[in-house]
There are 2 protein chains.
Amino acid sequence: MQDDNCTFSMKRRDLLRMIGMSGGAAVMYQAMSSLGFAAESTFKGQPKLQGAPKNTSVLILGAGIAGMVAAYELRQAGYKVQVLEYNHRPGGRNWSLRGGDRFTELGGFSQHCQFDEGFYLNPGPWRLPYHHHGILSYCKKLGVPLEPFVQVNHNAYVHSANAFGGKPQRYRAINADYRGHVAELLAKSTQQGKLDDAVNKQDQEMLLESLRDWGALDKNLAYSSGIASSNRRGFDKDPGGGLSARPIPSKPVALDELLGSRLWSNLSASEIYEFQTSLFQPVGGMGRIGEAFGRALDGVIRYGAKVTAIQQDEHGVTVSYEDADKPGSTQKVHGDWCICTIPLSVLSQIPMNVSAAMTEAISAVPYAASVKVGLQFKRRFWEEDEHIYGGITYTDLPIATIGYPSTGFHSSGKGVLLGAYIWGLHAFEFTAMTPEQRVQKALEYGSQIHPQYAREFETGVAVGWHRSPFTMGCFGLWSEEARAKHYDNLCQIDGRIALAGEHASYLPAWQEGAVTSALDVIERIHQRAVAEARA
Amino acid sequence: MQDDNCTFSMKRRDLLRMIGMSGGAAVMYQAMSSLGFAAESTFKGQPKLQGAPKNTSVLILGAGIAGMVAAYELRQAGYKVQVLEYNHRPGGRNWSLRGGDRFTELGGFSQHCQFDEGFYLNPGPWRLPYHHHGILSYCKKLGVPLEPFVQVNHNAYVHSANAFGGKPQRYRAINADYRGHVAELLAKSTQQGKLDDAVNKQDQEMLLESLRDWGALDKNLAYSSGIASSNRRGFDKDPGGGLSARPIPSKPVALDELLGSRLWSNLSASEIYEFQTSLFQPVGGMGRIGEAFGRALDGVIRYGAKVTAIQQDEHGVTVSYEDADKPGSTQKVHGDWCICTIPLSVLSQIPMNVSAAMTEAISAVPYAASVKVGLQFKRRFWEEDEHIYGGITYTDLPIATIGYPSTGFHSSGKGVLLGAYIWGLHAFEFTAMTPEQRVQKALEYGSQIHPQYAREFETGVAVGWHRSPFTMGCFGLWSEEARAKHYDNLCQIDGRIALAGEHASYLPAWQEGAVTSALDVIERIHQRAVAEARA
């Protein structure tokens, strides 16, 4: 199981080494995959909590996805539910920043989003894999319409400042060329008898036939300039109609140049389980899910409530909180049980009388740094000039990612890009800047890929998650050692307190981790409550 | 150039051999790719036809995409334009069959589509690649809204009746396993020094690093059961939240079984240029484009007009036609020039005084057989039960393809599948059946993949293109020899007559071929007309 565990929580020094080594998006995706970003949900339908004891109350801390799933289901099962939420809105990291919205960071930086109506940035999650059945089921239940999210765009770019003279390459060309070269090398090895020990003769024949098709090889089993390869990577002159319509093939990148460019490191992202088709996004922004939950839980959530202490005894849990805008005026609220979804980064600073094991677990999980920048432009030049409709450009510049909107395709007028999605060391650098500087830097770097930036830019917003007062980081970054030692202790019900959230899951950072964690914990709380009532 | 040409028109006997050999969708996709389905458009913006001579008339035969593009642009340039169209609707093969529509085939089979409101089958084209700039530009110009078309769905199936006991396999698993095995074989060859002649030592190091990432290999460079491979192919038990959330990896298919299954032959479809992301479809059905053109050309198109003769002299072109519903009442119409977009399969039967070279070209292109079946079901079981949202299942059963709708995702209620998309010999077999039998057969075969068919089926329609009275086939199937000998002769202006359509392009079957062919021909007609007016 060592090997398995490794993928869901890699050694921290390995992670940092990787990030330090090249710092690009590709590496971060690889790291995220290794950290367990890539998995289908265990969700098997809504829980059936039957026979809830009368007048049993559950206090829920945090109106993010985990807290609201717990509140929604427990209330439905007959529990008395109250939710305390720090922000003045539901959703937590499920959040869309829209024109008119204000956001103040730790340290005081305040932003007033100037996007035109209809445009948004999702500072947190921005996509829903088809196999995240839990969060999708709540979209259906709450009437949140979905639209496709384009993850892989063959016509978007892969870019390295140090390769091809800094000129962005089309994903389709690098993808086709790597595959073609691999197919050719293996086909030639096979023909030369070098696979005789590994593959029997009959399978070798089939292997050659398959490599020719799969790798777009020519009749000599070479990956060469011609129609076969251009039908994958694109043409120099495209075929058309009428006279003078004959196409001119393009020329593949040579293997040594391709390997040296390291652009191949962007190719596996499209193959990772949650980046596979089909993905979705809520129409109007990811925040629509949190907003819908908030409406469904109208009257149940107390907003602007900053939790200052969590104390349990054998009868229940008392939570102290103060008005987030008027510190000092402490109030208390009581529940028979408490489900706490406050991020560990914040929770570790709140007095709470749980076991030493849970306390240690809470302190064992550092939070990942991440920054997102949204940029509004006067026109959708990526579509109009470059024929990029949705999807992602990967670069080894600090901005790491340019995300093109998966909505309003082919329309005239303005658009908002995800101008940067930064992880690791660069995220700390960007977080240290003022929001204006972050936007400026995103524009400078992005101009190396899209020179239209300078002329078309209108306004931007930038969220550095380590300055977010309600999370103080992006998500719980489990190390392999920490998960082995602390994960079960974190998830156990401790007296009358239990934790939930993406940090209490094997799907870190994903909303599905929050949903499945909440469903797991409410079933266990329910069992305890029923047993207690019977006793 | 032999090699290049080869891809756009393969030897007919090779094509038939391929189809005969396995008959599956995979092979047909390979064949279609080879035939030139895979290419970006040469469209470079709308033409600028300046200085059209006054009172010059152009007669256009056929109100499909080619004919309507020609009519739209020539009218805009100042020409007097008239279009004759056999059907009682615009669009030609750009067509959506909706509830209430009637369609009568050659031979008399008549169908009355019973789909519920909002559902449709596109019997002809059903997707718009992002690089087909010509057809996309008309969507924008005519205000036809687009939505994403999902081509590749990692969670759809690849299926062979003769492999895995007939059990459908998820695309993601076969895709990951083929890639993983290829990466492992090449990595091991590299490690064993077998690539020393082909790749220098430094590149070998980089190749190994890239293969590990790209192929999801483990630390021993093996493609093995574990988190790395399951993060591509899927898990036996998926990770989740809370306790008992630890995932259980799945087990890859062994190389010999994978090769023997031939399911690898479905993997290249997703890599072909026009099946790459992003693709689109018009909201409401492909027919929305033809309908929009029809509205834009209101009053210009005479519907229900069956052309019976095309005769030119040095002054102009006279076209005889009869009412398609009342044969015998011949009428005549005259134009200074004529652009004929009638499919060659039909045109070859119409008297027309053009050169022997063009006449031979018209007769040199057989038309591909194809059948599409649309099936309406009571519920979207492919989404609800199997988590397949859009995309395609490939099978070597005669139905070849099951296409899932790329609209209404995640909604409750009914849905319409593309239940069969058949090419080659099986298409002739299906065309020979009654429409009811075709639907029945599609249900029988499809039930092997989706056992829900029997319980959920409501109604279906089936279009066999060889029985379509306005095309008598699906598209012009150029052989390599025919293209070399006849293509230019087909596209030359012959006196005052010129041909246009997908058959006059290097993009056979694609609407973009029709658009670029029409734009090419109107520029040449315009030059002639201007020169004539000056002379």
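**Exercise 1. Determine which rotation and shift superpose chain B on chain A, and what this says about the two copies.**

Solution. In this predicted model, chain B is superposed on chain A by a rotation of 180° with 0.0 Å of shift along its axis, the RMSD being 0.0 Å; the superposition is by least squares on the C-alpha atoms of residues with pLDDT of at least 70 in both copies. The two copies are thus related as by a two-fold rotation axis. As a next step, consider the contact residues, where contact means heavy atoms within 4.5 Å: 100% of the contact residues of chain B recur in chain A, and the same surface serves both copies. Finally, of the residues of chain B, the one that comes closest to the rotation axis is B:Leu186, with its C-alpha at 2.9 Å.

Some conventions apply throughout. Residues are numbered from 1 along each chain as its sequence is written, while chains are lettered from A in the order in which they are written. Because the model is predicted, local features need pLDDT of at least 70 and side-chain atom pairs count only at pLDDT 80 or more, whereas totals for chains, interfaces and linings use all residues, and side-chain values use heavy atoms, with hydrogens and water left out.

**Exercise 2. Find which residue forms a salt bridge with A:Arg438, and state where the two partners lie.**

Solution. A salt bridge is a side-chain nitrogen of Lys or Arg within 4 Å of a carboxyl oxygen of Asp or Glu, and the structure holds 36 of them over all chains. The partner of A:Arg438 is A:Glu105, with 2.7 Å between the closest N and O atoms. This pair links distant parts of the chain, 333 residues apart: A:Arg438 belongs to helix H15 (residues 435–447), and A:Glu105 to the loop between strand S4 (102–104) and strand S5 (110–112). Helices (H or I, at least four residues) and strands (E, at least two) are DSSP runs, numbered from the N terminus.

**Exercise 3. Decide whether A:Arg438, A:Glu105, A:Glu291 and A:Arg288 are buried or partly exposed.**

Solution. Buried means under 20% relative accessible area, exposed over 50%, and partly exposed in between (1.4 Å probe, protein chains only). A:Arg438, at 0%, is buried, and A:Glu105, at 3%, is buried as well. A:Glu291, at 24%, is partly exposed, as is A:Arg288, at 32%. The side chains of A:Glu291 and A:Arg288 also meet in a salt bridge of 2.9 Å, N to O, and both residues lie in helix H10 (residues 287–296), 3 residues apart, about one turn of the helix.
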